[in-house]
Amino acid sequence: MDVKIGTTKITLILGDITEQETEAIVNAANSSLMGGGGVDGAIHRSGGHEILKECKVIRQTLYPAGLPAGKAVATTGGKLKAKKVIHTVGPIWSGGNNREPELLAEAYRNCLALALKMGLKTISFPSISTGAYGYPTEKAGRIAIRAVIEFLGKNAGIEEVRFVLHSSHDLLVYEKELTES
Ligand code: ADP
């Protein structure tokens with residue numbers, strides 16, 4: 001489904017984030033920025049070693065201790081269709097009282113702000129934190145959709161925000177949330 005929010009289209013699809021042709025795709029990375037499983041593994045496998053090379057430079061320069069949850073950085077898209085990969089770290093779910101909602105919303109906002117700063121108009125997100133990081137999808141979906149809508153209400157310039165869900169269950173959860181928002 002897609003919905004217009006001002007001049008921006010929010011699209012929800014079932015698919016693989018690595019195959020998206022949006023100018024940016026978002027990686028649900030971990031703090032090390034050195035790769036991992038899930039989305040992270042898929043992006044590094046499809047995008048090739050240039051991505052990891054730039055991640056290493058980011059670690060050596062900007063974030064020697066690792067990228068904190070909620071922050072975002074950009075690298076090349078390497079061999080991917082997307083020009084840029086925006087790496088963010090979602091919160092690890094630990095019951096909901098450890099700033100998880102705040103950090104998850106911050107991750108979405110910082111990715112969008114970085115895309116705007118780089119002049120990118122289209123961006124694809126996976127469902128951050130709902131895999132290895134264990135965030136319940138219903139709760140995460142609500143925060144994701146609301147954070148994006150709120151950002152778009154305050155900032156012009158993004159043409160499409162695409163959520164790429166990896167299962168039909170996740171797609172339904174996000175669709176329900178977008179319909180109700
Ligand atoms: P996190 O560590 O932030 O939880 P994961 O990559 O483990 O990130 O999972 C986030 C979500 O992305 C999960 O719902 C998972 O099923 C989904 N996912 C895994 N691989 C892909 C992919 N190639 N494209 C889109 N979504 C994916």
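Biologist: Which residue of strand 5 does Thr76 stand opposite?
Modeller: Quick heads-up, this is a predicted model. Strand 4 covers residues 72-76, and strand 4 pairs with strand 5 in the antiparallel sense over five bridges. In that pairing, the residue of strand 5 opposite Thr76 is Lys84.

Biologist: How many of the residues of strand 4 are buried?
Modeller: Strand 4 runs over residues 72-76 and is mostly covered. Of its five residues, the number buried is four.

Biologist: Staying with strands, what does Val3 stand opposite in strand 2?
Modeller: Strand 1 (residues 2-5) and strand 2 (residues 8-14) pair in the antiparallel sense over four bridges. They make a hairpin with two residues between them, and Gly6 in the turn has a positive phi of about 60°. Across this pairing, Val3 faces Ile10.

Biologist: Let's move to helix 1. Is His44 buried or exposed?
Modeller: His44 sits in helix 1, residues 38-47. Its contacts beyond four places in sequence are Asn27, Gly35, Ile51, Leu52, Cys55 and His87. The relative accessible area of His44 is 15%, and the cut-off is under 20%, so His44 counts as buried.

Biologist: At what angle do helix 1 and helix 2 pack?
Modeller: From helix 1, Ile43, His44 and Gly47 meet His49, Ile51, Leu52 and Cys55 of helix 2. The residues of this contact split into four nonpolar, three polar and no charged. Gly48, with a positive phi near 85°, follows helix 1. The axes of the two helices are 6 Å apart, and the packing angle is about 115°.

Biologist: Now the pocket. Which element gives the most residues to the lining of the largest pocket?
Modeller: The largest pocket holds about 550 Å³ of space. Its lining has 24 residues, with Ala28, Gly37, Gly38, Val39 and Gly131 nearest the centre. Strand 3 and helix 1 are the elements that give two or more residues. With four residues, the top contributor is helix 1.

Biologist: And how many residues of that lining are charged?
Modeller: The lining of the largest pocket divides into ten nonpolar and eleven polar residues, plus a charged group. The number in that charged group is three.

Biologist: Over to helix 4: why does Thr137 count as buried?
Modeller: Thr137 belongs to helix 4, residues 137-154. Leaving out residues up to four places away in sequence, Thr137 touches Thr130, Asp170, Val173 and Tyr174. Buried means under 20% relative accessible area, so Thr137 qualifies with a value of 13%.

Biologist: Last one: what separation do the C-alpha atoms of Ile158 and Leu120 have?
Modeller: Ile158 lies in the loop between helix 4 and strand 7 (160-165), and at 1% relative accessibility it counts as buried. Its contacts beyond four places in sequence include Thr7, Thr8, Leu112, Leu116, Leu120 and Ile123. Ile158 and Leu120 are 38 residues apart along the chain, yet their C-alpha atoms are separated by 7.2 Å.

Terms used:
Residues are numbered from 1 along each chain as its sequence is written. This is a predicted model: local features need pLDDT of at least 70, side-chain atom pairs count only at pLDDT 80 or more; totals for chains, interfaces and linings use all residues. Side-chain values use heavy atoms; hydrogens and water are left out. Buried means under 20% relative accessible area, exposed over 50%, partly exposed in between (1.4 Å probe, protein chains only). Contact means heavy atoms within 4.5 Å. Two strands pair if DSSP finds at least two bridges between them. Axes are lines fitted to C-alpha atoms, for helices over the stretch in contact, and angles run from 0 to 180 degrees between N-to-C directions. Ala, Val, Leu, Ile, Met, Phe, Trp, Tyr, Cys and Pro count as nonpolar, Asp, Glu, Lys and Arg as charged, and the others, Gly among them, as polar. On a 1 Å grid over the protein atoms alone, a cavity is a set of points where a 1.4 Å probe fits but cannot get out, and a pocket is an open set with protein on both sides within 12 Å along at least five of seven lines; lining residues have an atom within 4 Å of a point. Grid points are joined across faces, edges and corners, and a volume is the space filled by probe spheres set on the points.
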